[in-house]
Amino acid sequence: MTKNRIDELVKKGMKNPAGFEKELAVLEKTAKTDPDKKKQILKEFRESLDNKGKEIKGIAVRRQLEDISDMISLSYLARHYFNKSRQWLNQRMNENIVNGKPAKFTPEQVNILNNALKDISHKIGSLNVVY
């Protein structure tokens, strides 16, 4: 992920709101006076939004699984449905850095995960203990 001015500006704004306002005003003035720089700023803004969207998606997957992680065995889920270890599943849930890149679920793996959760839900839902 390449850093851009918008990402840096947001980071600065979290630490120094006054500095953020000042730099934002400079960027705004630049965008109004230089059409080429305006295009570049817009490009960086879109890239920054796309990156934030991807971060939110990763957090959303972890949060969704967090709610059920005490109810079902994540080791079982990883081993039975993915033929992988719990560590593998945790790496993707937490987007840990593996081989220099964040580990993420592929669209196919998300589909497998959803089907696995439906399968487990069906198994639990159809269970009826008779005494």
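First, the conventions. Residues are numbered from 1 along each chain as its sequence is written, and side-chain values use heavy atoms, without hydrogens or water. Because the model is predicted, local features need pLDDT of at least 70 and side-chain atom pairs pLDDT 80 or more, while totals for chains, interfaces and linings use all residues.

Now α4, residues 74-82; helices here are DSSP runs of H or I, at least four residues, numbered from the N terminus. At its start, a side-chain oxygen of serine 73 comes within 3.4 Å of the backbone nitrogen of serine 75. After the helix comes asparagine 83, with a positive phi near 55°.

Which residues of α4 are buried? They are Leu74, Leu77, Ala78, Tyr81 and Phe82, buried being under 20% relative accessible area with a 1.4 Å probe, protein chains only. They lie on the same side of α4, because they cover an arc of only 105° around the axis, taken from the directions from the helix axis to the C-beta atoms. Their cover includes α5 (86-94) and α6 (107-125).

Of its 14 residues, Leu77, Tyr81, Leu89, Met93 and Leu113 touch the most other members. α4, α5 and α6 each give two or more residues, and α4 has the largest share, five. Apart from this core lies another of five residues, including Ile6 and Leu27.

How values were computed
Buried means under 20% relative accessible area, exposed over 50%, partly exposed in between (1.4 Å probe, protein chains only). Contact means heavy atoms within 4.5 Å. A polar contact is a pair of N or O atoms within 3.5 Å; within protein, one must be able to donate a hydrogen and the other to accept it, and residues adjacent in sequence count only if both atoms are side-chain atoms. A nonpolar core is a set of buried Ala, Val, Leu, Ile, Met, Phe, Trp, Tyr and Cys residues joined through side-chain atoms within 4.5 Å.
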